[in-house]
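Please read them with the structure open.

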Amino acid sequence: MDIFSISSAVHYSHTPPPFTLAGKHHHATTTSAASLILASSSSQDFPQNPNPNSAGLRRPATQKPLKTSTPQPSQLPENPLKKFVNFQNTPSATNSPPHDTLSNKLWLSSKLSPPPPPPPPPPPLQETELEDEGFENSEENKKEVEFREKGKIFVGNLPLWIKKIEVADFFRQFGPIKNVILVKGHNDLERNMGFGFVIYSGTTAENAAMKAVEFDGVEFRGRVLTVKLDDGNRIKGKYSDRAKWVEGKEDDAVEYRSKWHEEREGSRVDFRKVLESQPENWQAVVESFERIKKPSRKEFGLIVNYYARRGDMHRAREMFEKMRARGIEPTLHVYTNLILAYSVGRDMDEALSCVRKMRDEGIDLSLVTYSIIVGGFAKTGNIEAAERWFKEAKEKITSLNGIIYGNIIYANCQTYNLNRAEELIREMEEEGIDAPIDIYHTMMDGYTMTQNEEKCLMVLDRLKECGFTPSVITYGCLINLYTKIGKVHKAMEISEAMKTAGIKHNLKTYSMLINGFIILKDWANAFSVFEDLVSDGLKPDVILYNNIVKAFCGMGNMDRAIRTVEEMKKERRRPTSRTFMPIIHSFARAGNNRRALDVFDMMRKSGCIPTVQTYNALILGLVEKRQMDKAVGIVDEILLAGISPNEHTYTTIMHGYASLGDTGKAFEYFSKLKNEGLELDVYTYEALLKACCKSGRMQSALAVTKEMRAQNIPRNTFIYNILIDGWARRGDVWEAADLMQQMRQEGVQPDIHTYTSFVNACCKAGDMTRATKTIQEMEAHGVKANVKTYTSLIHGWARASLPEKALRCFDEMKRAGLKPDKAAFHCLMTSLLTRATVAEGYIYNGILKLCEEMVECGLTVDMGTAVHWSKCLRKIERSGGGITEAVQRTFPPDWNSHKTLTAISDVSNDDSDDDDDDSGFRDSDSDGEDVTVFNGKFRS
């Protein structure tokens, strides 16, 4: 569940204190002079109380009048109060008769000369209004000309990809250019908005601008330009806002800011832009925050949230303490961001300490805070704490949302508690909360971890029914499911369905496919998927490079793996310890310890310090090579290097001695592990049980199982497989059957290895009827028999002296699509050769057919098997024949050498015991299974 969607909803309230003026309630109703006199009189009659909120801002002492284009003629002083008082009773200008005040004063001229003719009648009212409007428009035009910045033009409809240099080159033909301003986008600073300004310089700037305006409508780079002069609205708006602020007219709630305030506000805006557009560039974010001269609570909250999303809880705490040092008290939102930082960093103890601090300060937790805490405990795997805080959230908050439900469902899915997750989904539906698509993905991932294909597909169908469109995460869950259960061909079908739906692969989906083919050891397809990744234009990350290194090591091409590491360095991908571990393990497994130690030096030069997991990879390779002395020597080197071995180190050594059947050494290292206080898990007890069963000490194995029960460690399928195989080695079918019954009672599902071991026990005891019923039970439960199962069954029929049924079983194995291995051929051929002297003719045909198949497969037997078969051939054909010639084609190339013939002549003519035939295919049954399981469980 993505927790960052929660953190993005956190807002910060920062409203500056209102700025008021004393005379803001006195509005002018007549002329400006009357308004000024009213303001002065009101200020004298009513004393003004200074507003404390406006103490920090300065206002100019005197008002500078706006410039006008024409000077006003000087008038004689007059009493404005008289005009104001008689305003309502004064008749309008249209009704009063016109009179000439100057002619009345010049009484002498009126006596000397006749009076002038009467003036013409006044014009109509409409014409007067039009003249007044024209006069006002002319005044406004003059003001616009005055407000307009000379030499500045507006250019619109520019291409979005245009650059400053191209615009400057085009408009430079009219005059020298001072600056070109292209307006950028708010979210994308590299993208233009399609318009800008060109400012000319010099004495001819105005003429150049006028010439440029003539190019309005000209085509430029495929666009028809819009070119016009600057209308001065920006400067005029600033003048008007400042005038309103001075006069106390705050109807628009716009305040005049000083230069310091403007710079601070600009740096705050730049910080938010960088935070939104370049979140990955932490240096740019930090620099933009440091440019803010006096950050507020909002900026501190944003930077704490930024560090929280990056998981840098130490820097988040540092910013939190800096905020408190400035005297800014944290709010619920700031505390929530700090808790998010500790939650992402998986330090829930510090997160809970913040919660206690909040409660001490009287701050209640919000739904977002509860959701972050539940999500933090879900990531750490503490399901009990997550459930406890979820329960508290339900008690304190009346209505929950889908985010907190998604976090608690994620916590249960990570602990394989899918029943509880389904119960929570039903609870959501009952409360009317719509599940987001993330919850569907969480459930699909949970069913993927439990490998429940049916339930996972049911969730997918439900997702489509709810109207959601499957995304790359949806298809990624299905790919991960099929690669984990070994159905990589279905994963490839999902991949093709993605391409059909128009959804592109990402690095994670490609990594899942490559890892699936590596598990199947299909190296060709793994490299083919990697080539598809490169062809799609994706750059491999460290995880993908690690998978490719693992693939080369699986092929045995360690030199190519080392070259891949060098290629990683060239691509600026820093190798990790996981990069070198498969290389070290492969060299150790091949017995090349010197090269393995050289990789350690290469690892140190790359900046990776060897850890205990790296040494564990080296020890595991030596254990698989059965070089226990060297493996123990590496443990001593770990101690000398100051690194403490962990439980996996000792468990690996125990597995090595268990494979050799050395029970004493296995128990010795078990005691060391226990005395050092390391954790005892099921893998440790598996190694002990393997040692006991390998050496035939089944009573000791039962004592180990009792201690497991005392330690509350449940027995899983692998434990039962080891025990059943131990009883199968002794041929005790009754004890093996009793273990099968205990598995069913405890709800542990048998797998193919369990059934194979039990079939082997039945065949050892000669109970072929029960073995046949076990095969039928396997098929009923949907478990298909493998090559080892059929080999055990063939060996049982051979021991029962029924070679015809052994041949029939061999044919059934091939019809099932299984390819017989060397052990199956060895078992069936030995059975037929030992019975060929008394059997019918179909035995001879079976021997010839087997020889042809072995030659086609390129299989040859070892020298011991060749000696044993040659003795059987001398009993069938003493002087040689067709069977002898066919069988000898499967012998080693040096079969006819002098030493081999001498060794054959010295061999006793006594027949070998039938029990010796077990070594051909049983040596690798249990041990091979355990080594494979252990390799899969080896956690590095």
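**Notes on the predicted model**

1. Start with a loop. R346 is found in the loop between α14 (332-344) and α15 (348-360); helices (H or I, at least four residues) and strands (E, at least two) are DSSP runs, numbered from the N terminus. R346 has a positive phi of about 60 degrees although it is not a glycine. R346 is exposed, with a relative accessible area of 52%. Buried means under 20% relative accessible area, exposed over 50%, and partly exposed in between (1.4 Å probe, protein chains only).

2. N157 is a second case of positive phi in a residue other than glycine, near 65 degrees. N157 sits in the loop between β1 and α7 (164-171). Its relative accessibility is 34%, so N157 counts as partly exposed. Most residues other than glycine have a negative phi.

3. On sources and confidence: this is a predicted model, where local features need pLDDT of at least 70, side-chain atom pairs count only at pLDDT 80 or more, and totals for chains, interfaces and linings use all residues. Residues are numbered from 1 along each chain as its sequence is written, and side-chain values use heavy atoms, with hydrogens and water left out. pLDDT is the predictor's confidence in each residue, from 0 to 100. The protein has a mean pLDDT of 77, and 76% of its residues reach 70 or more.

4. Over residues 1-113, pLDDT stays under 50, and the model has 85 contacts beyond four places in sequence for them. Contact means heavy atoms within 4.5 Å. Residues 125-131 also stay under 50, with 2 such contacts. Where pLDDT is low, the predicted coordinates should not be read in detail.

5. The largest nonpolar core has 208 residues. Such a core is a set of buried Ala, Val, Leu, Ile, Met, Phe, Trp, Tyr and Cys residues joined through side-chain atoms within 4.5 Å. I303, W389, I404, I409, I583, L793 and I847 touch the most other members. Helix α34 (residues 682-694) gives the most to this core, with 8 residues. Apart from it lies another core, of 20 residues, including F171, L182, L225 and V227.

6. Now for I404. Leaving aside neighbours within four places in sequence, I404 is in contact with L367, Y370, S371, V374, F390 and A393.

7. T684 lies in helix α34. T684 is buried, at 0% relative accessible area. Its side chain makes a polar contact with the side chain of T651 (3.5 Å). A polar contact is a pair of N or O atoms within 3.5 Å; within protein, one must be able to donate a hydrogen and the other to accept it, and residues adjacent in sequence count only if both atoms are side-chain atoms. Beyond four places in sequence, T684 is in contact with T651, M654, F670, L673 and E679.

8. Strand β3 (residues 192-200) runs antiparallel to β1 (residues 152-156), joined by 5 bridges. Strand β2 (residues 177-184) is also antiparallel to β3, through 6 bridges. Two strands pair if DSSP finds at least two bridges between them. G196 in β3 is the bridge partner of V155, and L182 stands opposite G196.

9. How many disulfides does a search of the whole structure find? It finds 0. A disulfide is a pair of cysteine sulfur atoms within 2.5 Å. The sulfur of C477 is 6.7 Å from the closest cysteine sulfur, in C456, too far for a bond. C477 is buried, with a relative accessible area of 10%.
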